[in-house]
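Hello,

Here is the structure I promised to pass on to you. Have a look through it, and then read my notes below.

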Amino acid sequence: MVVRMRRNRSQTAKRRSHHAIAGARLAKCECGALRVPHRACPECGKYNGKIVIDVVARAKRDARRATRKQKELRASGQSSETKEKEEVAAK
Ligand SMILES: [Zn+2]
């Protein structure tokens, strides 16, 4: 590097003074929860006053998937319950 191009500590620090990441700007939803602007609220599923996400259906679906995953883990013998039983048996 040519001396002409060399940056001193002061110039580097001045450049890096703008590198800090600012916190996310959150807006308050009409339901009271904090949400990302220009995105539907994950709590109530509303955007601009209209319901765009069926929150209840989504919660039901997630619960159903969780129970199914638990069942599959239990069937394959990898659930935490069976591991605990094995640990007890080993002692
Ligand atoms: Zn909301």
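Among contacts in the chain between residues at least 6 apart in sequence, those that join residues at least 24 apart make up 0%. Two residues are in contact here if their C-beta atoms, placed from the backbone, lie within 7 Å. Please keep in mind that this is a predicted model, where local features need pLDDT of at least 70 and side-chain atom pairs count only at pLDDT 80 or more, while totals for chains, interfaces and linings use all residues. Residues are numbered from 1 along each chain as its sequence is written.

The chain has 91 residues, and 1% of them are buried. A residue is called buried if 20 or more other C-beta atoms lie within 10 Å of its own, exposed if 12 or fewer, and partly exposed in between, with C-beta atoms placed from the backbone.

Three helices and four strands form the secondary structure of the chain. Their order from the N terminus is α-β-β-β-β-α-α. Both kinds of element are DSSP runs numbered from the N terminus: helices are H or I with at least four residues, and strands are E with at least two.

Two loop residues are worth a look. Most residues other than glycine have a negative phi. His-38, however, has a positive phi, near 65°. His-38 sits in the loop between strand 2 (34–35) and strand 3 (46–47), and is exposed, with 8 other C-beta atoms within 10 Å.

Asn-48 has a positive phi too, near 55°. Asn-48 belongs to the loop between strand 3 and strand 4 (50–51), and counts as exposed because it has 8 C-beta neighbours inside 10 Å.

Best wishes
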